[in-house]
There are 2 protein chains.
Amino acid sequence: MVSVPARRKRATIHDVAVEAGVSRGTVSRVVNDEPYVSANARAAIEAAIEKVGYVPNNAARSLVMQRSQAVGFIVHEPHSLFLEDPNIGDILLGANTALSHADYQMVCLIIDSDRDTARVARYLSGGFVDGVIIVSARQNDPITRVVEKLGLPTAFVGHPPDLRDLPFVGIDNRTSARALTERLLDTGRRRVGMIAAALDRDSGADRLAGFTDALGDAFDSNLVASVPLYAYAAGVAGMRELLQRSPEIDGVFAASDAVAAGALEALRDAGRRVPEDVGVVGFDDSAWARRTQPPLSTVHQPASGLGAGAAELVLQQLRGEATPVGGLLLQTPIVWRGSA
Amino acid sequence: MVSVPARRKRATIHDVAVEAGVSRGTVSRVVNDEPYVSANARAAIEAAIEKVGYVPNNAARSLVMQRSQAVGFIVHEPHSLFLEDPNIGDILLGANTALSHADYQMVCLIIDSDRDTARVARYLSGGFVDGVIIVSARQNDPITRVVEKLGLPTAFVGHPPDLRDLPFVGIDNRTSARALTERLLDTGRRRVGMIAAALDRDSGADRLAGFTDALGDAFDSNLVASVPLYAYAAGVAGMRELLQRSPEIDGVFAASDAVAAGALEALRDAGRRVPEDVGVVGFDDSAWARRTQPPLSTVHQPASGLGAGAAELVLQQLRGEATPVGGLLLQTPIVWRGSA
């Protein structure tokens, strides 16, 4: 890039045209990579661009071309969860890499308050992005409504419960939870409970449904503790509750690895050995899973693949291609470690 | 917002003018909140905006007004560190809240590869943001050069070593590390070592300098292990190295909480009790600090305040106000828990 002193007036397309001795229309064709420009004129214009330090104003171009070459990534999480969620960082980086390869700029927008919702809605309406990826959408999410009205190419990570016809990428939480619980039962546990979390979301409700499927007739609602968030502290509280209700419990499915890490703390405090006295399994295969003592048996959540997949769904729409009906479900292998 | 079928052509200022029976110039004055419009005309235009479903095109407005009402937040981290760093989430949310209150949209841009660097540089040059916050800048960071050339209002979280005259908000790592080490020495430890990390960054180098200051004549370079990153695995490796070099070690300052958590694992594996046999202190007061067994004695890093402070420095520049010379240093209280 050419050195331009700070705050100097930007070079314009007019400056380039004067320097190169051509019309502004010709400069514009070169800048926008259009045909019908002679090799000589192109060379003169490229030299002039370098000399005057011209940088195309993309905000202006986005107005003319009706595209910004940017895709929004909307994170809609209450404060504490954004910091606790082990997946968001990986989803973010997976989407960024995929968009980067297609030469799109990913712009991450955080919604942390109602004020943010209104402002992000204005931003999306304003022509600053060509498409949108939304994570953690909730029922009747106002941002989802805005995106739908604007007709912006959109993909969800996880499916918003009320908008199942929009493109999404996700995992089959119910089947994964069932397979994991069956594996836990296969270790010979007799009294298996669950710390269910976030039952107001599809993921939370589906994990509980999978647990229930696996238990079948042996299901005992007394062995299910429900906590509001996928969070460490919630895991501590949930495990204490289960120990109190049913001291003979010998197996626990925690709805996420963070919840499982909290459960391990509560079990340690209660003098229970893991996995000897109680087998514990988590969900996510996040950084938590390798750091607890013992490390967690869990379901691998392909977070980076979810981000990349959502980016690909948006890019397909931007290219005018069809997207898969019913969304895209990614594989979730079980990873068996020392906690069960 | 008015309901508009997806993909319908956007209503323009022209549609509003026709509906209200006024000129486009008058509509434009109302949309841009300018004076000299009669109360009757204003009411007619507001009704027309509502009726035709007009949403101002902010990309177009940003071209005319020379401002986008958006501030970029650039995260420049290698993949793994972005996921490990306990502070980035809090810094991000602190900045988002401060910018939101000033009605600016924060757009977070991730740099994860050289390709990203070039594209983010183009984006910043393109008029999409009015200012920039940069975290984790490194020596000769190309993005820093781009921002400097563009003359964009900028603030750093932490100070880039080569650009000390640009506005920044940070902490005094050296003084904080010295105070923490002195506190550890006061517990009666005789052989105190350090797991130093990220010595290519100011923060890493300054924390080691503070440790050295506190030890004075008792400083023994054999008791310093250097690891590349502020990461859990690096803490495990660093602690093993120190135990091998100096089995009688009875105190350790780990350069971050994640490093300290790794050190605890290595100490546990070696059969050392914490704090009885070895006192351990960390740095950051991140979520790690409350989750290890025992919880960590550490320095509180005001991450959310750093984000809010950087946002305020950018807003000051956007308002044309002076920013503090030499940057803004925030308080870092010591938090004493069970690990030392």
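A: In this predicted model, helix 7 of chain A and helix 6 of chain B are roughly perpendicular to each other, because their axes, which come within 10 Å, cross at roughly 70°, and an angle from 65 to 115 degrees counts as roughly perpendicular.

The largest of them has 148 residues, and Phe73(A), Ile133(A) and Met239(A), together with Phe73(B), Ile133(B) and Met239(B), are the residues with the most contacts inside it. In soluble globular proteins, nonpolar side chains tend to be buried together.

Chain A as a whole has 14 helices and twelve strands, and 55% of its 340 residues are buried. Of the contacts in chain A between residues at least 6 apart in sequence, 70% join residues at least 24 apart. The accessible surface of chain A comes to about 13,900 Å², and carbon and sulfur atoms account for 51% of that area.

Within chain A, four strands in the order 7-6-8-9 form an open sheet with parallel pairing. Strand 7 (224-227) and strand 9 of chain A stand at the edges, and since each has a single partner strand, one side of each is left without a neighbour in the sheet. From one strand to the next, the twist averages 15°. Strand 6 (residues 192-197) and strand 8 (residues 251-254) of chain A pair in the parallel sense over four bridges, and Ile195(A) has Ala254(A), in strand 8 of chain A, as its bridge partner. Helix 9 (residues 173-186) of chain A packs on this sheet, where it touches strand 6, strand 8 and strand 9 of chain A, and its direction makes about 160° with that of strand 8 of chain A. Helix 10 (residues 202-215) of chain A also packs on the sheet, touching strand 6, strand 7 and strand 8 of chain A, with its direction at about 170° to that of strand 6 of chain A.

Chain B likewise has an open sheet of four strands in the order 7-6-8-9, with parallel pairing. Its edge strands are strand 7 (224-227) and strand 9 of chain B, each of which pairs on one side only. Here strand 6 (residues 192-197) and strand 7 of chain B run parallel and are joined by four bridges, and the partner of Ala196(B) in strand 7 of chain B is Ser226(B). Helix 11 (residues 232-245) of chain B packs on the sheet and touches strand 6, strand 7 and strand 8 (251-254) of chain B, its direction making about 155° with that of strand 7 of chain B. Helix 12 of chain B, for its part, lies across strand 6, strand 8 and strand 9 of chain B and runs at about 160° to strand 9 of chain B.

In the loop between helix 12 (257-269) and strand 9 (279-281) of chain A lies Pro275(A), and the peptide bond from Val274(A) to Pro275(A) is cis, with omega near 10°. In chain B, a cis peptide bond joins Val274(B) and Pro275(B), with omega about 10°. Asp285(A), in the loop between strand 9 and helix 13 (287-291) of chain A, has a positive phi of about 55° although it is not a glycine; its relative accessibility of 12% is under 20%, so Asp285(A) counts as buried. Gln69(A), in the loop between helix 4 (58-65) and strand 1 (70-76) of chain A, has a positive phi near 60°, and at 28% relative accessibility Gln69(A) counts as partly exposed.

Definitions and conventions. Residues are numbered from 1 along each chain as its sequence is written. Chains are lettered from A and ligands numbered from 1 in the order in which they are written. This is a predicted model: local features need pLDDT of at least 70, side-chain atom pairs count only at pLDDT 80 or more; totals for chains, interfaces and linings use all residues. Side-chain values use heavy atoms; hydrogens and water are left out. Helices (H or I, at least four residues) and strands (E, at least two) are DSSP runs, numbered from the N terminus. Buried means under 20% relative accessible area, exposed over 50%, partly exposed in between (1.4 Å probe, protein chains only). A nonpolar core is a set of buried Ala, Val, Leu, Ile, Met, Phe, Trp, Tyr and Cys residues joined through side-chain atoms within 4.5 Å. Two strands pair if DSSP finds at least two bridges between them. Axes are lines fitted to C-alpha atoms, for helices over the stretch in contact, and angles run from 0 to 180 degrees between N-to-C directions. Contact means heavy atoms within 4.5 Å. Accessible areas come from the Shrake-Rupley method with a 1.4 Å probe; for residues, only the protein chains shown count as cover. Angles under 35 degrees count as roughly parallel, over 145 as roughly antiparallel, 65 to 115 as roughly perpendicular and the rest as oblique.
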